[in-house]
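Biologist: I have a new structure to look at. Can you walk me through it?

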Amino acid sequence: MSTLQRARQQFKAHPLALDAVLAAGVLGCMMAGSFVEPHEKDAVSWSLRTPAPLSLVLMVLAALALVFRRRAPLTVLALTGTAAIIECVTGDPRAPVAMAAVIALFTVASTTDRPTTLRAGLLTMTVLTGAAMLAGPLPWYAQENLGIFAWTGIGATAGDAVRSRRAFVQAIRERAEKAERTREEEARRRVAEERLRIARDLHDVVAHHIALVNVQAGVAAHVMDKRPDQAKEALAHVREASRSALNELRATVGLLRQSGDPEAPTEPAPGLARLDELVGTFRSAGLHVEVARADHGTNLPAAVDLAAYRVIQEALTNVQKHAGTEAKAEVSVVRVGPNVEITVLDNGAGEDDDPDSGGGHGLLGMRERVTALRGTLTTGPRYGGGFRVHAILPVKTRTPAAGGTV
């Protein structure tokens, strides 16, 4: 770090010291200017003329006031302006006390708003110039009087330009910071949505297939000694369900791979086209399922198709887990106007027929899937026993893939 940069940092950390250095410089300039005496032929001579005592006092007081220009800019402007007025009226020849008033006016313009700058600038220019022209020892048209008007105007204009630039730079910085925060928040939101989507898929896959494996393993253990053929069949279903679970888990977890990873899964997501296959796995596990469809010819968006499949899968899994061994389920898929309606009913033959009793997230996951697609989901007990799941999904999604949350 260079000496200049270190000095700049020190001054930024101690603004009062910077103002004291500035005030000393202004005092030196005013003192030097007080020795310049103009002649009749516009020549300039550097004589050893000593300024009047009053002029020296006014210059020192004005310079001292500039030390506090940042803390009280309007007060400092009033003090330096008063000193400049006294010098304009009494000084002959004049000392450049008005220089301190110009610096104070610049400070006011750079630290306040434009209306305040306009009022302070006009007042300072009018009072100083009027006092110099009307009450000063020089003729009203003297060059020194016009110089006071010009320099006060320049001080106000320069200060306003500095303030405007600072505001512009600050606005750009704030917009850049806001844009950066927005990008970070969007990235976090997308990551959270993707994690939620993967968690739903994992829950659906694991809950469905593990439930089937549990039922078939129980059947095999129960009939192993007396009916080995049926036990072998149950174990074959366990093996098939395990293989399906592994395949779907591999496809889901494959979404987490990087773009350069080999052998990324290309199998399409399941949909209602595989409904018969899904129902077959439950029938193989001993659940009596009836299916009624009135949606033929309806092409569903991929997100809606997957959500419909997952709702049916989770609902039948809940029937398998909670409705008892004698449970029966009915599945209907119907196209009604702009929507497709999914209904899953069971007779609730078992004692544990509440899907929420196990503390899982099945119903919550279904509701989040359906809501993400601007659909509705209603669940609850049926009159006379059993449970009902009813989902209404729009055939045409109104959001782009619902933000990737299905």
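Modeller: Here is a quick tour, from the whole chain down to single residues. This is a predicted model: local features need pLDDT of at least 70, side-chain atom pairs count only at pLDDT 80 or more, and totals for chains, interfaces and linings use all residues. Residues are numbered from 1 along each chain as its sequence is written, and side-chain values use heavy atoms, with hydrogens and water left out.

Biologist: How many helices and strands does the protein chain have?

Modeller: The protein chain has 11 helices and seven strands. Helices (H or I, at least four residues) and strands (E, at least two) are DSSP runs, numbered from the N terminus.

Biologist: What share of the residues is buried?

Modeller: Of 406 residues, 38% count as buried. Buried means under 20% relative accessible area, exposed over 50%, partly exposed in between (1.4 Å probe, protein chains only).

Biologist: And the accessible surface, what does that come to?

Modeller: About 23400 Å² for the protein chain, with 60% of it belonging to carbon and sulfur atoms. The areas come from the Shrake-Rupley method with a 1.4 Å probe; for residues, only the protein chains shown count as cover.

Biologist: Which residues touch the most other members in the largest nonpolar core?

Modeller: Val289, Ile312, Leu316, Ile342, Val389 and Leu393 do, in a core of 41 residues. A nonpolar core is a set of buried Ala, Val, Leu, Ile, Met, Phe, Trp, Tyr and Cys residues joined through side-chain atoms within 4.5 Å.

Biologist: Which element gives the largest share of this core?

Modeller: α10, with 10 residues. Other elements that supply at least two residues each include α7 (143-223), α8 (228-253), β4 (328-336) and β7 (387-394). There is also a second, separate core of 21 residues, with Ala65, Ala95, Val108 and Ala156 among them.

Biologist: Back to leucine 393. What is it in contact with, leaving aside neighbours within four places in sequence?

Modeller: Its partners include Val304, Ala307, Ala308, Val340 and Val370. Contact means heavy atoms within 4.5 Å. Across the protein chain, among contacts between residues at least 6 apart in sequence, 68% join residues at least 24 apart.

Biologist: New topic. What is the strand order in the open sheet?

Modeller: The open sheet has five strands in the order β3-β4-β5-β7-β6, with mixed pairing. Two strands pair if DSSP finds at least two bridges between them. The edge strands, β3 (288-294) and β6 (376-381), each pair on one side only.

Biologist: Do β3 and β4 pair in the parallel or antiparallel sense?

Modeller: Parallel, over seven bridges. Valine 289 has alanine 329 of β4 as its bridge partner. By contrast, β5 and β7 are antiparallel, with eight bridges. There, asparagine 339 has proline 394 of β7 as its bridge partner.

Biologist: What about β6 and β7?

Modeller: They run antiparallel, joined by six bridges. They form a hairpin with five residues between them, and glycine 384 in the turn has a positive phi of about 90°. Proline 381 has phenylalanine 387 of β7 as its bridge partner, and leucine 377 stands opposite alanine 391 in β7. β7 is mostly covered, with six of its eight residues buried.

Biologist: Which strands do α10 and α11 lie across?

Modeller: α10 lies across β3, β4, β5 and β7, at about 10° to β5. α11 lies across β6 and β7, at about 155° to β6. Axes are lines fitted to C-alpha atoms, for helices over the stretch in contact, and angles run from 0 to 180 degrees between N-to-C directions.

Biologist: Where does arginine 374 lie?

Modeller: In the loop between α11 and β6. Arginine 374 is not a glycine, yet has a positive phi of about 65°. Most residues other than glycine have a negative phi.

Biologist: Why does arginine 374 count as partly exposed?

Modeller: Because its relative accessibility is 47%.

Biologist: Is cysteine 88 buried or exposed?

Modeller: Cysteine 88 counts as buried, because its relative accessibility is 4%. Cysteine 29 is partly exposed at 44%.

Biologist: Last one. Where is glycine 33?

Modeller: Glycine 33 is in helix α2 (residues 15-33). Its C-alpha atom is separated by 6.7 Å from that of alanine 95, 62 residues apart along the chain.
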